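Please open the structure in your viewer and keep the sequence beside it.

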Amino acid sequence: MAVLDRLFNFFIPVQDAEPEAIAPAPPTVYETRPLTDKQLNEVLKLNLRCFKAGENYTKHTFSYLLGEPNSLSYRIVTPNGQMAAFIFVMTNAEDGTGHITTIGVAPEHRRRGLANKLLTHAEEALRTRGINVVMLEVRAGNHVAQNLYRAFDYAVVQRLPKYYNNGEDGFLMVKSLT
Ligand SMILES: CC(C)(COP(=O)(O)OP(=O)(O)OC[C@H]1O[C@@H](n2cnc3c(N)ncnc32)[C@H](O)[C@@H]1OP(=O)(O)O)[C@@H](O)C(=O)NCCC(=O)NCCS
């Protein structure tokens, strides 16, 4: 068994690879647009750059979300049409709630207010649909995202023990849009 374990470890890296060095993109102007199934492959690729292996959505999930009538999705693009950021939100008209499913900004476009832009846009779209409560889950270790949501007046209402596949806890955060 020890031999098998050693062989297994040979093929599975014991720790994550070094993160790629990211040079910030040149300053540019950004535009917010709807994200549709035409951008399935592009959003999938960007999602892989935004989230670690095991934390990202699959093609199947994106495909489902893009075809689901209760899901809203937006992207931010650069002048050459390249996707710099995305957000998906599920709506439940029956109970008036929205659920931020995922949000990601390309590493070279971070700290430029793009997540801020997307959340503002999504919340506005939710308000016009009569949604007045938004919720989301965030990893306990994702302090950057927690900062973002706190800055947007989302409050932690519950700790979710072992919520994620790797056993990590999550936080349920909620915001009233009224
Ligand atoms: C979280 C994420 C979406 C933020 O995107 P962003 O466009 O860089 O964020 P913004 O520039 O709009 O920042 C808005 C606020 O978020 C917080 N924030 C963003 N990046 C931060 C960082 N590196 N450190 C601390 N706070 C940060 C700050 O409060 C910031 O406001 P400020 O710039 O006035 O201080 C981006 O880092 C990302 O894609 N991360 C990987 C995917 C992820 O974790 N998604 C969330 C899953 S729940």
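How many helices and strands does the protein chain have? The protein chain has 5 helices and 7 strands; helices (H or I, at least four residues) and strands (E, at least two) are DSSP runs, numbered from the N terminus. The model is predicted, so local features need pLDDT of at least 70 and side-chain atom pairs count only at pLDDT 80 or more, while totals for chains, interfaces and linings use all residues. Residues are numbered from 1 along each chain as its sequence is written, and side-chain values use heavy atoms, with hydrogens and water left out.

**The whole chain**

Begin with the complete protein chain, coloured by secondary structure. Followed along the sequence, its pattern reads α-β-α-α-β-β-β-α-β-α-β-β. Of its 178 residues, 40% count as buried; buried means under 20% relative accessible area, exposed over 50%, and partly exposed in between (1.4 Å probe, protein chains only). Among the contacts (heavy atoms within 4.5 Å) with a separation of 6 or more, 61% come from residues 24 or more positions apart.

**Helices H2 and H3**

Next, select residues 40–50, helix H2, and residues 59–67, helix H3. Two packed helices are described by the angle between their axes and the distance between the axes. Here the axes come within 10 Å and cross at roughly 130°. Axes are lines fitted to C-alpha atoms, for helices over the stretch in contact, and angles run from 0 to 180 degrees between N-to-C directions. H2 and H3 are therefore oblique to each other; angles under 35 degrees count as roughly parallel, over 145 as roughly antiparallel, 65 to 115 as roughly perpendicular and the rest as oblique.

Show the side chains where these helices meet. H2 contributes Leu40, Asn41, Val43, Leu44 and Asn47, and H3 contributes Lys59, Phe62, Ser63 and Leu66.

The structure holds 6 aromatic pairs, where rings of Phe, Tyr and Trp (its six-membered ring) pair if their centres lie within 6.5 Å, and planes under 30 degrees apart count as stacked, over 60 as edge-to-face and the rest as tilted. The ring centres of Tyr57 and Phe62 are 5.7 Å apart and their planes stand at 55°, so this pair is tilted. Tyr57 is partly exposed, at 26% relative accessibility, whereas Phe62 is buried, with a relative accessible area of 0%.

Now turn to Phe62 and Phe88. Their pair is tilted, with 5.3 Å from centre to centre and 55° between the planes. Because Phe62 lies in helix H3 and Phe88 in strand S3 (residues 83–92), the pair ties together parts that are 26 residues apart in sequence. Phe88 is buried, with a relative accessible area of 0%.

Arg111 is exposed, with a relative accessible area of 85%.

Finally, select Lys162, in the loop between strand S6 (155–160) and strand S7 (170–176). Although Lys162 is not a glycine, it has a positive phi of about 50°. Lys162 is exposed, with a relative accessible area of 65%.
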